[in-house]
Amino acid sequence: MKAIIFNSGLGHRMGDETKTHHKSMTLLKNGETIFHRQLRLLVAEGVTDFIITTGPFAEQLQAEAADFPQATFTFVPNDIYMKTNYIYSMYLAREYMDDDMLFLHGDLVFNRKLAHDLIHCADKDAATVNFKKALPEKDFKGRVQDGKVVEVSIKIFDADCFAFQPFYKLQKAAASAWIGKVVEFIHKGEDRCYAENALNEIFPALNVRAFPYEGYYVDEIDNMDDYARVKEEILPFDEADAKIFG
């Protein structure tokens, strides 16, 4: 299994915090960066092959990855990150996504038990959904029908839509189908939308099961309010994980 981490964005909503470093290099309360934390937890779960898409401050990410000599890293630069969305970064990295895959964004903070249970769950294809959390106004929601994710968008608010985080486990066949649709979008010039726009066209034909993350922790840091909240919220989950994995 490989993991691809989309890290090509500007992080402009973080204001001055990201003027001198990449958003994923923001420090959490334990003194660890978001990126280092992601790598540490995934390596601990046996993931040692990483694809990292980059935009600004790529050298910072490369230096951070050097802390994990047991892992292999492929860095894929998106030189036009300022005018494209991560669908284009995914397109650029397509040749390296030739295995069962984890897909996640570089601003996700999650606890180890979530990574462990998602990776080892019986469902071959799964994505993280929270059935109890209030629907976010501007973030992703997932439409779930019969336990299956059939759409992901920021614009859906129906009764079968739930809070969603972009953390996917997909077997090679499902990953390849998504990549193929991304290629179609890019060839049509659609490079400023979410990669999920392409995924939505094939979601009904896949069997991506909703992995409920109630009782776990996964959230993204988009702005300074998120940063203040997330770095506090993750602490009790890390304490609980220390008892399980320590």
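Modeller: Happy to! Let us begin with contacts, where contact means heavy atoms within 4.5 Å. In the protein chain, residues 24 or more positions apart account for 72% of the contacts with a separation of 6 or more. Keep in mind that this is a predicted model, in which local features need pLDDT of at least 70, side-chain atom pairs count only at pLDDT 80 or more, and totals for chains, interfaces and linings use all residues. Residues are numbered from 1 along each chain as its sequence is written, and side-chain values use heavy atoms, with hydrogens and water left out.

Colleague: How many helices and strands are there in the protein chain?

Modeller: Helices (H or I, at least four residues) and strands (E, at least two) are DSSP runs, numbered from the N terminus. The protein chain has seven helices and eleven strands.

Colleague: What radius of gyration does the protein chain have, and what would a compact globule have?

Modeller: The radius of gyration is taken over C-alpha atoms, and the globule rule is 2.2 Å times the number of residues to the power 0.38. For 246 residues a compact globule would come out near 18 Å, and the 17 Å of the protein chain agrees with that. The C-alpha trace spans about 40 × 40 × 35 Å along its principal axes.

Colleague: What share of the residues count as buried?

Modeller: Buried means under 20% relative accessible area, exposed over 50%, and partly exposed in between (1.4 Å probe, protein chains only). Of the 246 residues, 55% count as buried. Accessible areas come from the Shrake-Rupley method with a 1.4 Å probe; for residues, only the protein chains shown count as cover. The protein chain exposes about 10900 Å², and carbon and sulfur atoms supply 50% of that area.

Colleague: Could we look at one helix? Which residues of H5 are buried?

Modeller: First, the general idea: an α-helix has 3.6 residues a turn, so residues three or four places apart point the same way. In H5 (residues 172-187), the buried residues are Ala174, Ala175, Trp178, Ile179, Lys181, Val182, Val183, Phe185 and Ile186. These buried residues pack against H3, S4, S9 and helix H6 (195-200). The expected span of a helix is 1.5 Å times one less than its number of residues. With 16 residues, H5 reaches 22 Å from its first C-alpha to its last, close to the 22 Å expected. After H5 comes Gly189, whose phi is positive, near 85 degrees.

Colleague: Now salt bridges. How many does the count come to?

Modeller: A salt bridge is a side-chain nitrogen of Lys or Arg within 4 Å of a carboxyl oxygen of Asp or Glu. By this rule the count comes to 20. One of them joins the side chains of Asp98 and Lys2, at 2.6 Å from N to O. That pair links distant parts of the chain, 96 residues apart: Asp98 is in the loop between helix H3 (86-92) and strand S4 (101-105), and Lys2 is in strand S1 (residues 2-7). Asp98 is partly exposed at 42% relative accessibility, whereas Lys2 is buried at 11%.

Colleague: Where do Asp222 and Arg13 lie?

Modeller: Their side chains meet in a salt bridge of 3.6 Å, N to O. Asp222 lies in the loop between strand S11 (218-220) and helix H7 (224-245) and Arg13 in the loop between S1 and helix H1 (34-44), so this bridge ties together parts 209 residues apart in sequence. Asp222 is buried, with a relative accessible area of 7%, while Arg13 is exposed at 51%.

Colleague: Is Asn78 buried or exposed?

Modeller: Asn78 is buried, with a relative accessible area of 2%. You will find Asn78 in the loop between strand S3 (72-77) and H3. Leaving aside residues up to four places away in sequence, Asn78 touches residues including Ser8, Thr54, Tyr88 and Leu92.

Colleague: And how many disulfides does the structure hold?

Modeller: A disulfide is a pair of cysteine sulfur atoms within 2.5 Å, and the structure holds zero. Cys161 is in no disulfide, the nearest cysteine sulfur being that of Cys193, 19 Å away. Cys161 counts as buried, at 3% relative accessibility.
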